[in-house]
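Let us walk through a protein model, side chain by side chain. Keep the sequence and the structure side by side as you read.

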Amino acid sequence: MTIYRTRGALRHQIRDVLNFYYPECIDSSDGGYVAQLDERDGHVYDTQTKHLVATARAVHNFSAGVLLEGPDWCRQAAEHGLQFLSTVHWDDDREGYDWLLEGRTPVEQRRYCYGHAFVLLAGARAHQAGIPGGRAELERAYEVLEEHFWEPDHGLYADQATPDWSTLESYRGQNANMHSCEALLAAYEATGEQRFLERAHTVADRFTREVTNATDGLLWEHYTDDWEPDLSYNADQPGHQFRPPGYQPGHHAEWAKLLVVLADHLSPEWPLERARELFDVAVDLGWDDEHGGLYYTVEADGEPIVADKYGWVHTEAIGASALLSRFDDAYGEWYDRLWAYSREHLINPRYGNWYERLTREHARDGPNHGPEVEPGYHPLTNCWLALRALEAAPAAFDG
């Protein structure tokens with residue numbers, strides 16, 4: 001039995017993640033956060049880049065730290081980031097959040113649903129933690145999502161718009177909708193308002209049960225504006241950082257996690273049933289029987305496209321298996337296996353942070369600084385969910 005079936009171990013991992021980024025992540029000159037910490041020793045390798053997703057994720061992380069009764073500095077750190085998010089990232093003239101800043105200067109102002117979804121998540125967690133301004137940011141982000149990205153004819157969100165909102169890109173994506181669903185669930189948990197839960201249900205139902213019919217129930221990543229799978233998208237760029245071709249075991253596990261959370265708030269049984277299916281697909285197609293761990297992208301038959309092992313993929317599978325273990329001991333076995341693999345290969349033994357990426361055989365093939373959008377959100381979130389699973393059904397979780 002893994003040590004991560006105890007509250008103490010899970011809370012220790014959460015604290016390790018928070019401690020890795022704090023206080024180095026606090027930018028006291030320009031404001032906001034510096035998320036670009038080298039994953040090996042924690043030195044800052046880029047002091048200027050401020051990514052919307054990194055800012056929002058860090059607000060979420062420190063707000064979660066408050067909710068988990070973590071270090072006292074979590075509250076101040078959350079307030080610090082939320083103020084930057086609501087003023088510097090926010091474009092008051094065109095009413096949207098700027099994607100990328102250098103210091104305080106916008107250098108990329110395209111509007112991404114993905115980024116706005118993370119602002120909604122940040123506002124929700126901040127409000128839940130009692131951070132001043134959290135509710136206002138939650139409402140503002142939701143209004144932008146509803147006005148500019150929501151497409152009622154499809155029951156899903158569009159992906160990207162020009163800075164002045166005049167044109168929507170034709171691309172439609174799985175990822176923006178998955179994280180919108182996550183943020184809507186957080187907004188419901190923070191406010192108790194049914195409108196957020198109903199919209200989360202619509203997105204989850206439409207994508208995981210209807211759109212996926214075209215790919216035999218598997219979750220394709222890329223679509224046309226009519227939500228037809230674009231199977232050739234980026235076929236010539238298998239290593240694309242954010243929009244690779246193929247099926248992602250990590251996103252199957254991540255949707256499984258969200259569907260269990262949705263099932264906890266709803267009476268229909270379909271979310272839990274679909275969650276089981278998606279997690280089973282994630283490990284059936286994605287698990288590397290020779291070297292261990294989950295592949296990054298695969299073909300429909302499980303043949304790896306990019307066989308690298310990403311930290312976030314394993315944290316999402318840990319969160320999903322923890323939640324599913326409340327209903328079936330087999331998922332608890334996967335939970336133990338995923339933690340054992342991660343402790344051996346993906347967690348920095350010195351600091352407790354997670355590495356972004358290793359090769360299939362667990363080697364480093366570059367500096368691996370870590371992406372500028374990831375301040376520890378994936379491991380912290382899924383350890384928190386594992387804690388929730390343990391508290392909801394301790395006997396089942398303990399095995």
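Which residue lies over the face of Trp90? Arg140 does, at 4.0 Å from the ring centre. A charge sits over a ring if NZ of Lys or CZ of Arg is within 6 Å of the ring centre and within 35 degrees of the ring normal. Arg243 lies over the face of Tyr171, at 3.7 Å from the ring centre.

This is a predicted model, where local features need pLDDT of at least 70 and side-chain atom pairs count only at pLDDT 80 or more, while totals for chains, interfaces and linings use all residues. Residues are numbered from 1 along each chain as its sequence is written, and side-chain values use heavy atoms, without hydrogens and water.

Now turn to rings that meet rings. Rings of Phe, Tyr and Trp (its six-membered ring) pair if their centres lie within 6.5 Å; planes under 30 degrees apart count as stacked, over 60 as edge-to-face and the rest as tilted. The count comes to 27 aromatic pairs. One of them joins Phe149 and Trp165, edge-to-face, with 5.4 Å centre to centre and 80° between the planes. Tyr4, Tyr335, Trp339 and Trp354 form one aromatic cluster.

Is Lys257 buried or exposed? Lys257 counts as buried, at 1% relative accessibility (buried means under 20% relative accessible area, exposed over 50%, partly exposed in between, with a 1.4 Å probe and protein chains only). Its contacts (heavy atoms within 4.5 Å), leaving aside neighbours within four places in sequence, include Glu182, Glu316 and Leu385.
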